[in-house]
Amino acid sequence: MRDAEDGMDSWERLIKLDPEREHKEAMLDQVCKAQVDALVLGGTWGVTARNATDLALALRARKVRRPIWQEVSSECGIAFGVDGYLFPIVLNALDVDVLTRNYVRSLRSYRAVIPWNRCEAIGYIVMNDACAVAKRSRAEIPRDLEDVLAYAAYGTRLCGMKTLYLEYSGKFGDARVPQEVKRAFPHIHLVYGGGIESLEQLNCMKRFADTVVVGNALYEKGLSWLNASTCTM
Ligand code: 1GP
């Protein structure tokens with residue numbers, strides 16, 4: 001059983017569940033059986049304290065023996081009943097509200113009561129212009145690998161981030177991107193998410209990323225392929 005206070009750097013595989021979506025009993029069963037290290041509740045739009053807490057409690061009721069964290073996307077949508085919080089900082093966001101101002105507004109009220117020992121900032125590089133977070137943050141998609149490496153340097157070297165997330169949400173990316181990011185920044189914890197719906201794809205990205213994230217497959221195709229698997233790393 002994982003320690004609930006483990007963080008991203010101890011997780012190799014995650015499932016990301018969107019609190020705004022419907023979760024049938026069979027889906028939650030699959031999530032509980034999945035060979036993953038942690039569950040993260042996160043979505044770009046429509047996450048509320050209510051739907052995120054309901055989902056956390058539904059998982060708790062099934063006696064999930066893995067950490068349940070929330071990736072926070074809205075200042076009003078903070079879940080109760082989770083073990084920790086991830087705060088995405090979209091490095092290529094053009095919308096300064098998403099990049100900074102929403103956080104600063106929230107911190108003005110909640111800074112003193114946030115459980116900082118159970119929070120992690122994650123530097124996101126959004127790679128797919130069609131995904132929801134790209135639209136919400138008005139992300140400027142990297143034009144080439146040099147752009148990606150520049151964002152990675154900005155996040156890790158200038159901002160001191162320990163974790164970078166290559167976000168291809170909805171699209172399976174080019175494995176050369178995590179490969180080159182990891183080669184250039186071997187000290188960072190690299191997360192890959194986007195379009196993974198088979199063990200082959202998961203293992204392909206896991207060669208270079210420290211953590212891989214499975215999201216939409218839960219809703220589109222199911223997780224039987226993941227439940228049957230054992231970790232190969
Ligand atoms: C989304 O990176 C995650 O934030 C997972 O992406 O939904 O495409 O699997 P998918």
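**Figure 1. L17 in strand β1.** In this predicted model, L17 is part of strand β1, which runs over residues 13-17. L17 counts as buried because its relative accessible area is 0%, and buried means under 20%. The view shows the residues that L17 touches, leaving aside neighbours within four places in sequence: H23, L28, V31, L39, V40, L41, G42, L55, L59, L218 and Y219. One of these, Y219, is 202 residues away from L17 along the chain, and the C-alpha atoms of the two are separated by 9.0 Å.

Figure 2. The largest nonpolar core has 55 residues. Those with the most contacts inside this core are L17, L59, L166, V181 and L223. L166 is shown with its contacts, neighbours within four places in sequence being left out: I125, M127, V148, V177, P178, V181, L190, V191, Y192 and G193. Another core lies apart from the largest one. This other core has 19 residues, including L86, Y124, C131 and A139.

Figure 3. The next legend gives individual distances between protein and ligand atoms.

Figure 4. K16 places a polar side-chain atom 2.7 Å from an oxygen atom of the ligand. For E167, a polar side-chain atom lies 2.5 Å from an oxygen atom of the ligand. G170 takes part through its backbone: a polar backbone atom of G170 is 2.7 Å from an oxygen atom of the ligand. On its own the ligand has 310 Å² of accessible area, and the protein covers 90% of that area.

**Figure 5. T211 in strand β8.** T211 belongs to strand β8, residues 211-214. With a relative accessibility of 0%, T211 is counted as buried. A polar atom of the T211 side chain lies 2.6 Å from the backbone oxygen of W11. Not counting residues up to four places away in sequence, T211 touches M8, W11, E12, L14, H189, L190, V191 and Y192.

**Figure 6. W69 in strand β3.** Strand β3 covers residues 68-71 and contains W69. W69 has a relative accessible area of 2%, so it counts as buried. Y85 is shown together with W69. The two are 16 residues apart along the chain, and their C-alpha atoms are separated by 5.5 Å.

**Figure 7. K63, a loop residue with positive phi.** K63 sits in the loop between α2 (49-61) and β3. Its phi is near 55 degrees, a positive value in a residue other than glycine. K63 has a relative accessible area of 67% and is therefore exposed, the limit for exposed being over 50%.

**Figure 8. R138, a further loop residue with positive phi.** R138 is located in the loop that joins α4 (132-137) to α5 (145-158). R138 is not a glycine, yet it has a positive phi of about 50 degrees. The relative accessibility of R138 is 48%, so R138 counts as partly exposed.

**Figure 9. P186 in the loop between α6 and β7.** The loop that holds P186 lies between α6 (176-184) and β7 (189-193). P186 counts as exposed because its relative accessibility is 55%. The view also includes F208, which is 22 residues from P186 in sequence. From C-alpha to C-alpha, P186 and F208 are 9.8 Å apart in space.

Definitions and conventions. Residues are numbered from 1 along each chain as its sequence is written. This is a predicted model: local features need pLDDT of at least 70, side-chain atom pairs count only at pLDDT 80 or more; totals for chains, interfaces and linings use all residues. Side-chain values use heavy atoms; hydrogens and water are left out. A polar contact is a pair of N or O atoms within 3.5 Å; within protein, one must be able to donate a hydrogen and the other to accept it, and residues adjacent in sequence count only if both atoms are side-chain atoms. Accessible areas come from the Shrake-Rupley method with a 1.4 Å probe; for residues, only the protein chains shown count as cover. A nonpolar core is a set of buried Ala, Val, Leu, Ile, Met, Phe, Trp, Tyr and Cys residues joined through side-chain atoms within 4.5 Å. Buried means under 20% relative accessible area, exposed over 50%, partly exposed in between (1.4 Å probe, protein chains only). Contact means heavy atoms within 4.5 Å. Helices (H or I, at least four residues) and strands (E, at least two) are DSSP runs, numbered from the N terminus.
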